[in-house]
Amino acid sequence: MANSPASRAKPRLRAPRLLINSPFFAALADPTRIRVMQFLCTPGAGEMQVFTAGDIARGLNLPASTLSHHLKLLTAVGLLGMTKVGKEHHYQLRLETMGAEFQKAFDQTRLLQR
């Protein structure tokens with residue numbers, strides 16, 4: 001029993017786990033989605049401007065089907081807020097979500113440095 005494989009096994013060290021929202025950061029890894037985010041990031045009087053999907057498609061010269069895919073993903077991870085007004089979908093950056101996710105990532109990296 002003392003020489004069984006289980007008794008000879010070395011104890012496993014627990015690797016630190018990052019609790020970073022990987023879908024959030026994966027959404028930021030796509031060049032088209034970055035272009036969408038840049039388009040939506042317009043200067044204003046303390047508020048982010050709201051754009052329709054058509055405004056974004058025309059501004060970025062993207063087909064509606066391509067844009068729809070990217071907007072859906074950005075909304076799902078919380079980077080964009082969407083409201084439906086009649087038949088139009090209006091999109092706006094969700095800066096509070098962005099800030100919270102980046103803060104979590106920063107906090108996690110600080111813990112790993114200890």
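What percentage of the 114 residues in the chain is made up of buried residues? The share is 28%. Keep in mind on this tour that the model is predicted.

**Whole chain**

Colour the chain by secondary structure. There are 6 helices and 3 strands, and reading from the N terminus their order is α-α-α-β-α-α-β-β-α. Of the chain's contacts with a separation of 6 or more, 56% involve residues 24 or more positions apart.

**The nonpolar core**

Next, select Val36, Ile56, Leu79 and Leu80. These have the most contacts inside the largest nonpolar core, a set of 20 residues. To see where the core draws its members from, show helix 2, helix 3, helix 4 (53-60), helix 5 (64-76) and strand 3 (88-93), the elements that each contribute two or more residues to this core. As background, nonpolar side chains in soluble globular proteins tend to be buried together.

Centre the view on Ile56. Leaving aside residues up to four places away in sequence, Ile56 touches Val36, Phe39, Leu40, Phe51, Leu67, Leu71 and Tyr91. Several of these names return at later stops.

**Helix 3 against helix 5**

Hide everything but helix 3 and helix 5. A packed pair of helices is described by the angle between the axes and the distance between them. Here the axes come within 10 Å and cross at roughly 75 degrees. The angle falls in the range 65 to 115 degrees, so helix 3 is roughly perpendicular to helix 5.

Show the side chains at the contact. From helix 3, select Thr32, Arg33, Val36 and Met37; from helix 5, select Leu67, His69, His70, Leu71, Leu73 and Leu74. By type, the residues of this contact comprise 6 nonpolar, 3 polar and 1 charged. Val36 of helix 3 belongs to the contact and is also among the core residues with the most contacts.

**Aromatic pairs**

Now display the aromatic rings. The structure holds 4 aromatic pairs. Start with Phe25 and Phe102, an edge-to-face pair with 5.5 Å centre to centre and 75 degrees between the planes. This pair joins distant parts of the chain, with Phe25 in helix 2 (residues 22-27) and Phe102 in helix 6 (residues 95-112), 77 residues apart. Phe25 is partly exposed because its relative accessibility is 26%. Phe102, at 40% relative accessibility, is also partly exposed.

Move to Phe39 and Phe51. The ring centres of Phe39 and Phe51 are 4.8 Å apart and the planes stand at 55 degrees, so this pair is tilted. Phe39 sits in helix 3 (residues 31-40) and Phe51 in strand 1 (residues 51-52), 12 residues apart, and this pair too links distant parts of the chain. Phe51 has a relative accessible area of 10% and is therefore buried. Both Phe39 and Phe51 touch Ile56.

**Val50**

For the last stop, select Val50, in the loop between helix 3 and strand 1. Is Val50 buried or partly exposed? With a relative accessibility of 38%, Val50 counts as partly exposed. Which residues does Val50 touch, not counting those up to four places away in sequence? They are His90, Tyr91 and Gln92. Tyr91 is also touched by Ile56.

Definitions and conventions:
Residues are numbered from 1 along each chain as its sequence is written. This is a predicted model: local features need pLDDT of at least 70, side-chain atom pairs count only at pLDDT 80 or more; totals for chains, interfaces and linings use all residues. Side-chain values use heavy atoms; hydrogens and water are left out. Rings of Phe, Tyr and Trp (its six-membered ring) pair if their centres lie within 6.5 Å; planes under 30 degrees apart count as stacked, over 60 as edge-to-face and the rest as tilted. Helices (H or I, at least four residues) and strands (E, at least two) are DSSP runs, numbered from the N terminus. Buried means under 20% relative accessible area, exposed over 50%, partly exposed in between (1.4 Å probe, protein chains only). A nonpolar core is a set of buried Ala, Val, Leu, Ile, Met, Phe, Trp, Tyr and Cys residues joined through side-chain atoms within 4.5 Å. Contact means heavy atoms within 4.5 Å. Axes are lines fitted to C-alpha atoms, for helices over the stretch in contact, and angles run from 0 to 180 degrees between N-to-C directions. Angles under 35 degrees count as roughly parallel, over 145 as roughly antiparallel, 65 to 115 as roughly perpendicular and the rest as oblique. Ala, Val, Leu, Ile, Met, Phe, Trp, Tyr, Cys and Pro count as nonpolar, Asp, Glu, Lys and Arg as charged, and the others, Gly among them, as polar.
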